[in-house]
Every structure is written in C-alpha cells, then in structure tokens.
Amino acid sequence: MNTQATLSAPLVEPVALYPSPFKEFWQAFSRNKGAVGGLLFMLLIVFCAAFAPWIAPHNPSEQYRDFLLTPPVWMEGGRWEFILGTDELGRDLLSRLIHGSRLSLLIGLASVVMSLLPGILLGLTAGFFPRLIGSVIMRLMDVMMALPSLLLAVAIVAILGPGLINTVIAIAIVSLPAYVRLTRAAVLGEVNRDYVTAARLAGAGLPRLMFITVLPNCMAPLIVQATLSFSSAILDAAALGFLGLGVQPPTPEWGTMLASARDYIERAWWVVSLPGLTILLSVLAINLMGDGLRDALDPKLKNAV
C-alpha cells in the first residue's frame with residue numbers, strides 16, 4: 001500500500017535556484033578584497049566630488065594671508081581650522097583636494113567615454129573588414145602607439161592650447177589605440193563562431209551583426225580596459241597639470257597643485273605630499289577595482305576557487 005501511494009504521488013522535481021547576474025558578479029568581485037577596498041575608497045572620492053561645496057570647510061580659492069604654509073593639525077603650529085594645512089597662498093589644502101576630485105573624476109570619465117566610443121566603432125570596422133579598411137586603421141593605431149603616450153598628449157595640448165577641454169581631448173586620443181586593438185582582437189575571436197553564422201543565415205544585416213550580435217560578447221575586456229584607462233587618465237591629467245599644460249590655476253586640480261607647490265617641497269612637505277598621495281591612492285584604488293572586474297567578468301577566473 002505504501003508502494004502504491006508512492007507511485008501515485010506526483011513527482012516534484014527540485015527547482016534549481018540560480019543567483020541573479022548582479023549577485024553572481026558581486027560574489028566573484030567580492031572575493032578580491034583589494035578590489036572591495038578600492039571600490040570603497042573610490043565611493044568616498046565620488047561622494048566628496050558630488051558634495052564638495054557642502055563638505056569642503058572653505059572656499060578652495062579663498063586666501064588666508066595670515067596663515068601662509070600652515071602645517072597640518074597634527075604638527076606643531078597646526079590649526080583645527082585648516083586640518084591638512086594651507087598652501088603658499090594661504091588656501092586650505094583639504095578644500096582644494098576635495099574640489100580637485102571633481103576635475104580629476106570629470107577628466108577621467110570624459111576621456112574614457114571619448115576614447116571608448118570611437119575605439120569600439122573603429123575596432124568593429126577593423127574586425128569585420130580586416131583586409132582593406134582594417135589594415136589602414138591598425139597601421140594608424142600602430143603609429144600612434146609608437147609614440148610615448150605622455151609625449152603625444154603634450155604635443156596635442158601644445159597644438160590645441162592648455163585648458164580642461166583640450167586636456168580631455170588629448171588624453172582621449174592617446175587612449176584610443178588600446179580600445180581599437182582590444183575590440184578588433186575580440187571581434188576576430190567571435191566573428192567566426194556558430195551563433196554569428198546562424199545570425200547571418202537568419203538574414204541579420206551588418207549593423208545588427210556588429211552592434212547586437214558580436215559587440216555584447218566583447219564588452220567584458222572593454223569594461224576592464226575602461227577602468228584601467230580611467231586611472232591612466234587621472235595620471236596623464238596630473239602630469240599635464242604639473243607641466244603647466246593642463247587645467248590652469250587657480251582652478252583646484254591635483255596635478256596643478258603639485259606644480260605650484262614644488263618650490264616649497266623642502267620647507268612645507270605637505271603642499272606636495274598630500275596631492276601626490278591623493279593621486280597615488282586614487283590610481284591604486286582604480287587599478288585594484290580593475291583586477292576585481294577582470295576576475296568577475298572572465299569566465300575562467302570567475303569560476304576558479
């Protein structure tokens with residue numbers, strides 16, 4: 001009787017519970033503790049940039065002539081009014097660092113977008129037409145990569161003139177070859193796969209093949225490259241600002257702050273060390289995030305224990 005009841009009972013198959021794509025991504029990303037630390041630091045920088053007018057204790061351009069080169073609060077002679085001290089003109093360093101994060105993030109984001117979009121378009125074109133158009137595009141990218149990136153950026157800014165917009169344009173042009181080469185390599189690896197052939201046989205046109213069929217499967221390495229290019233853009237912007245070709249004073253920008261304070265490095269170390277440390281930590285945090293993204297988006301690394 002028990003056997004008959006068992007046979008007559010409905011069969012209930014176990015339902016496999018699959019994590020959502022975001023949860024799966026976060027599980028793989030959070031395994032890298034350095035990436036999580038970098039993410040937290042960058043969230044702090046973004047928060048400071050977004051709410052700089054309310055967080056900064058002083059106007060970044062206001063000069064306190066009675067407190068020139070005031071040391072940080074933990075040193076002798078420091079004042080709680082200026083927690084990180086003041087620069088050679090009596091401006092509050094903490095306020096300038098907070099406001100400078102806005103420009104550094106803006107330059108990084110704008111340059112990545114301005115190089116990523118045309119880089120994807122040129123890379124797709126070179127991948128789908130490798131013989132004629134692709135050969136011309138890649139030879140041009142090889143010429144650009146043969147020049148040192150900073151030297152090329154300096155030459156472009158020298159031609160266009162110093163300023164925020166020209167700095168973004170120069171950094172975007174310098175970053176372009178990496179996106180083109182990466183996109184082309186990914187497209188060549190995908191274009192002969194079965195799902196692309198099936199899409200061709202189904203009558204998909206060239207734009208659909210390029211942007212809907214192939215491109216989504218090439219985005220993982222591009223996202224990682226964009227993250228790493230973000231840190232390179234911050235470094236290049238700081239280098240151009242240090243050379244006097246980037247954002248012009250008195251606008252607070254980390255590289256410009258380094259350039260204006262280099263004459264005081266022996267008598268007031270904080271005016272140079274604090275902007276340099278901010279650049280170092282920001283670039284390190286972004287690079288750690290890039291490693292975490294690579295681990296989370298690469299199927300081979302994502303499933304590794």
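The model is predicted, so local features need pLDDT of at least 70 and side-chain atom pairs count only at pLDDT 80 or more, while totals for chains, interfaces and linings use all residues. Residues are numbered from 1 along each chain as its sequence is written, and side-chain values use heavy atoms, without hydrogens and water.

Read from the N terminus, the elements run α-α-α-α-α-α-α-α-α-α-α-α-α-α. The radius of gyration is 26 Å, well over the 19 Å given by the globule rule for 305 residues, so the chain is more spread out than a compact globule. This radius is taken over C-alpha atoms, and the rule is 2.2 Å times the number of residues to the power 0.38. Along its principal axes, the C-alpha trace spans about 95 × 65 × 30 Å.

Contacts were then examined. A contact means heavy atoms within 4.5 Å. Among contacts with a separation of 6 or more, 69% join residues 24 or more positions apart.

The surface and the charges follow. The chain exposes about 16,800 Å², an accessible area from the Shrake-Rupley method with a 1.4 Å probe; for residues, only the protein chains shown count as cover.

Thr 227 lies in helix H11, which covers residues 219–242. Thr 227 is buried, at a relative accessible area of 13%. Leaving out residues up to four places away in sequence, Thr 227 touches Ile 286, Met 289, Gly 290 and Leu 293.

Cysteines come next. Cys 48 is buried at 16% relative accessible area, and Cys 218 is buried at 1%. The structure holds zero disulfides, a disulfide being a pair of cysteine sulfur atoms within 2.5 Å.

Two loop residues were also examined. Leu 69 sits in the loop between helix H4 (52–55) and helix H5 (93–128). Most residues other than glycine have a negative phi. Phi of Leu 69, however, is positive, near 55°. Leu 69 is buried, at 15% relative accessibility. Pro 162 is in the loop between helix H7 (149–160) and helix H8 (164–190). Pro 162 is partly exposed, at 46% relative accessibility. Apart from neighbours within four places in sequence, Pro 162 contacts Val 157, Gly 244, Leu 245, Gly 246 and Gln 248. Pro 162 and Ala 56 are 106 residues apart along the chain, and their C-alpha atoms are separated by 27 Å.

Asp 194 belongs to helix H9, residues 194–201. Asp 194 is exposed, at 68% relative accessibility. From Asp 194 to Trp 54, the C-alpha distance is 55 Å, across 140 residues of sequence.

Conventions. Helix = DSSP H or I, 4+ residues; strand = E, 2+ residues; numbered from the N terminus. Buried < 20%, exposed > 50% of the residue type's maximum accessible area, 1.4 Å probe, protein only.
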